[in-house]
2 protein chains.
Amino acid sequence: MTESASVIDVARRAGVSLGTVSNVLNRPERVAPATRERVRQAIEELEFVRNEAARQLRTGRSRTIGLIVLDVGNPFFTDLAAGVENAAEEAGLSVILCNSGNSATREDHYLSLLQEQRAYGILITPVTGKNDRIQELRARGMQVVLVDRGSAKRQCSVSVDDVVGGELAVAHLIAQGHERIAFVGGPVSINQVADRLVGARRAARSAGLPKTAIRLIRTPGLNVAAGRKTGEQIAGMPPRTRPTAVFCANDLLALGVLQEMTRRNLDVPGDLAIVGYDDIDFAAAAAVPLTSVRQPRAQLGHTAAELLIDEVSSPETHQHRQVVFEPELVVRESSDAKLST
Amino acid sequence: MTESASVIDVARRAGVSLGTVSNVLNRPERVAPATRERVRQAIEELEFVRNEAARQLRTGRSRTIGLIVLDVGNPFFTDLAAGVENAAEEAGLSVILCNSGNSATREDHYLSLLQEQRAYGILITPVTGKNDRIQELRARGMQVVLVDRGSAKRQCSVSVDDVVGGELAVAHLIAQGHERIAFVGGPVSINQVADRLVGARRAARSAGLPKTAIRLIRTPGLNVAAGRKTGEQIAGMPPRTRPTAVFCANDLLALGVLQEMTRRNLDVPGDLAIVGYDDIDFAAAAAVPLTSVRQPRAQLGHTAAELLIDEVSSPETHQHRQVVFEPELVVRESSDAKLST
DNA sequence: ATCCGCGTGTGAAACCTTTCACTGATGGGC
DNA sequence: GCCCATCAGTGAAAGGTTTCACACGCGGAT
């Protein structure tokens with residue numbers, strides 16, 4: 001940027017002190033209308049643009065929320081981000097979207113970055129369960145809200161009950177008559193994956209199925225490619241032991257599995273019923289419309305941002321809250337033969 | 001944030017001047033190893049974290065690239081963003097992802113924001129063709145690279161030849177024997193849409209089809225919902241005049257159309273052949289795998305970021321470049337009956 | 001003996017904003 | 001006629017970093 005006008009230049013031009021210019025910018029009601037207008041004029045003429053860095057330096061805090069998600073390639077997270085952005089915009093804040101890509105290293109990198117930037121606050125879907133780094137940041141005065149992940153009472157969090165979600169999914173499959181069900185997901189170090197698995201097993205137990213009813217198929221990641229690989233694997237199993245249904249830890253996996261089944265001319269749900277998780281928009285548009293566990297994506301983001309803003313703007317009155325949303329099962333053809341025509 | 005240590009505190013603790021601390025941070029080779037180590041120690045002990053705002057204030061420029069895209073909900077743009085992020089990370093920069101959502105107002109809002117933040121530079125997929133605001137920013141010394149949009153010689157841009165893309169798509173449909181083809185997209189004020197349409201018409205002309213061969217069906221946006229509406233509309237046409245094939249301006253539209261066809265038990269490609277654009281990952285996973293025009297998404301972003309970084313870091317030697325990539329047609333079942341089993 | 005250059009290290013100045021204690025003026029209440 | 005409260009506006013100080021001209025000491029060349 002070439003030399004641009006500062007408040008001082010504006011003040012000089014308007015014939016007032018720089019304090020007055022600042023007041024026009026930040027608390028216009030304290031300035032007499034005539035003066036205010038004169039200052040506005042000067043700002044216009046000089047094409048003055050406030051320097052956010054200087055402002056931050058002085059106020060000690062930036063006006064940008066950091067949002068760290070596990071995978072921007074997953075529409076679930078972009079929808080969530082849209083919710084965050086809405087809430088932020090209402091409060092005159094902006095959002096910087098960071099993609100940890102499930103890597104603790106990158107997560108750490110972004111946390112450092114946000115710390116250096118003295119971010120307004122941080123919304124994060126943490127890669128691992130216990131993240132000491134986050135506690136350390138909080139100890140140093142940075143507000144952090146966990147997203148899509150519950151937490152202890154000492155901090156704010158917004159999540160969806162993944163155990164219930166897993167239960168819903170598998171209870172539905174069992175109701176459809178399935179007894180050999182596979183859970184597809186991983187790494188299990190991801191909380192969401194672990195919780196959904198717990199729910200799945202609980203549903204099996206409730207239905208009186210043996211422990212072996214839920215078979216765990218681990219994947220290295222939660223994307224379409226991993227799903228396709230799993231699809232191959234399942235297709236290669238002997239039909240007598242092959243699961244008749246799979247519950248995938250997210251929709252990307254489910255779409256991958258589905259794609260592989262379609263490629264091999266296996267029937268869904270006939271040969272294999274599939275249930276996904278997240279109910280992203282593409283789930284309904286899949287080869288066989290996908291049964292999925294819906295989460296209030298945008299609302300999740302919106303609420304998280306609101307909690308963060310409250311925590312930052314009213315530190316005295318703020319009460320930590322752990323908001324937990326309920327998931328909802330959306331049944332489509334991929335798990336219900338009667339629905340397909 | 002609570003009081004945190006500054007360079008001065010570090011300097012005091014290490015028994016050096018603050019200039020030396022700054023040197024350790026920015027040009028460590030100029031400091032004697034022993035001193036350097038002592039300073040590093042002090043930084044560690046005090047848990048010193050550089051204040052990015054102060055740094056920016058002094059250097060006059062932030063280390064964050066602004067990326068403004070038309071629609072974060074479209075995987076095309078998140079893939080593009082991933083490419084940008086890679087290139088940025090290599091250069092030690094970060095990226096703030098802004099979503100204009102096709103609204104000129106929001107675009108303007110974000111441009112102001114980035115200007116206030118004295119962004120490192122801006123990568124933008126502009127909403128409208130001529131954007132004076134961008135020229136104004138450039139005149140004031142802000143570097144801007146156009147993404148997914150060609151430009152005049154006076155500035156850098158990275159794009160894919162959308163006319164060729166449109167031509168490829170429609171030439172393919174014509175080769176499949178279609179003579180009543182609809183182009184689905186809008187608003188046509190979006191350059192990409194207009195160019196793809198031009199390409200479509202050119203292909204028709206080359207094949208000797210009458211002008212009326214390509215029928216334009218306008219949509220209010222480029223998303224799945226708009227596609228579904230269009231699908232209804234097409235399904236409602238009398239079979240004798242109904243187009244036998246559609247070329248959609250992007251994959252989201254195509255998926256929407258496809259979804260509606262499937263819902264109505266119309267056969268794709270039998271009753272309607274469909275070609276999309278972008279070849280997002282979900283295209284291959286659709287009800288009927290989608291023929292689409294592939295663009296090098298990540299590479300587009302990566303190259304754009306590189307151009308920007310070159311422009312900012314070597315203003316003297318920098319030569320403006322207009323990089324144009326070639327699109328590629330990926331044929332799948334949605335447009336080719338022989339492929340479906 | 002002198003001078004030069006080099007490697008290290010120094011600290012004031014500059015970057016631009018916000019805040020806050022303060023000044024003057026005005027008008028109302030007593 | 002005096003005091004007080006209120007309003008409008010002032011300008012110095014602070015915030016943390018980078019930069020740059022400069023100082024210092026030492027070895028080697030002249």
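The model is predicted. In chain B, helix 5 packs on helix 13 with the two axes 7 Å apart.

**Helix 5 and helix 13 of chain B**

- Two packed helices are described by the angle between their axes and the distance between the axes.
- Helix 5 of chain B spans residues 75–90 and helix 13 of chain B spans residues 297–313; they pack at an angle of about 40°, with an axis separation of 7 Å.
- The crossing of helix 5 of chain B with helix 13 of chain B is right-handed.
- On the side of helix 5 of chain B, the contact is made by F76(B), D79(B), L80(B), G83(B), V84(B), N86(B), A87(B) and E90(B).
- Helix 13 of chain B contributes R297(B), A298(B), L300(B), G301(B), H302(B), A305(B), E306(B) and I309(B) to this contact.
- By class, the residues of the contact between helix 5 and helix 13 of chain B are 8 nonpolar, 4 polar and 4 charged.

**Largest cavity**

- Rolling a probe the size of a water molecule over the atoms shows where empty space is left.
- Helix 4 of chain A supplies the largest share of the lining, 3 residues.
- The lining of the largest cavity divides into 6 nonpolar, 8 polar and 2 charged residues.

**Second largest cavity**

- The second largest cavity has a volume of about 100 Å³.
- From chain A, its lining includes T78(A), A81(A), A82(A), E85(A), V95(A) and L97(A).
- From chain B, the lining of the second largest cavity includes V72(B), L97(B), C98(B) and N99(B).
- Helix 5 (75–90) and strand 2 (94–99) of chain A, along with strand 2 (94–99) of chain B, each supply at least two residues of this lining.
- The largest share, 4 residues, comes from helix 5 of chain A.
- The lining of the second largest cavity counts 7 nonpolar, 2 polar and 1 charged residues.

Conventions: Residues are numbered from 1 along each chain as its sequence is written. Chains are lettered from A and ligands numbered from 1 in the order in which they are written. This is a predicted model: local features need pLDDT of at least 70, side-chain atom pairs count only at pLDDT 80 or more; totals for chains, interfaces and linings use all residues. Side-chain values use heavy atoms; hydrogens and water are left out. Axes are lines fitted to C-alpha atoms, for helices over the stretch in contact, and angles run from 0 to 180 degrees between N-to-C directions. A crossing is left-handed if the near helix is turned anticlockwise from the far one by less than a right angle, and right-handed if clockwise. Contact means heavy atoms within 4.5 Å. Ala, Val, Leu, Ile, Met, Phe, Trp, Tyr, Cys and Pro count as nonpolar, Asp, Glu, Lys and Arg as charged, and the others, Gly among them, as polar. On a 1 Å grid over the protein atoms alone, a cavity is a set of points where a 1.4 Å probe fits but cannot get out, and a pocket is an open set with protein on both sides within 12 Å along at least five of seven lines; lining residues have an atom within 4 Å of a point. Grid points are joined across faces, edges and corners, and a volume is the space filled by probe spheres set on the points.
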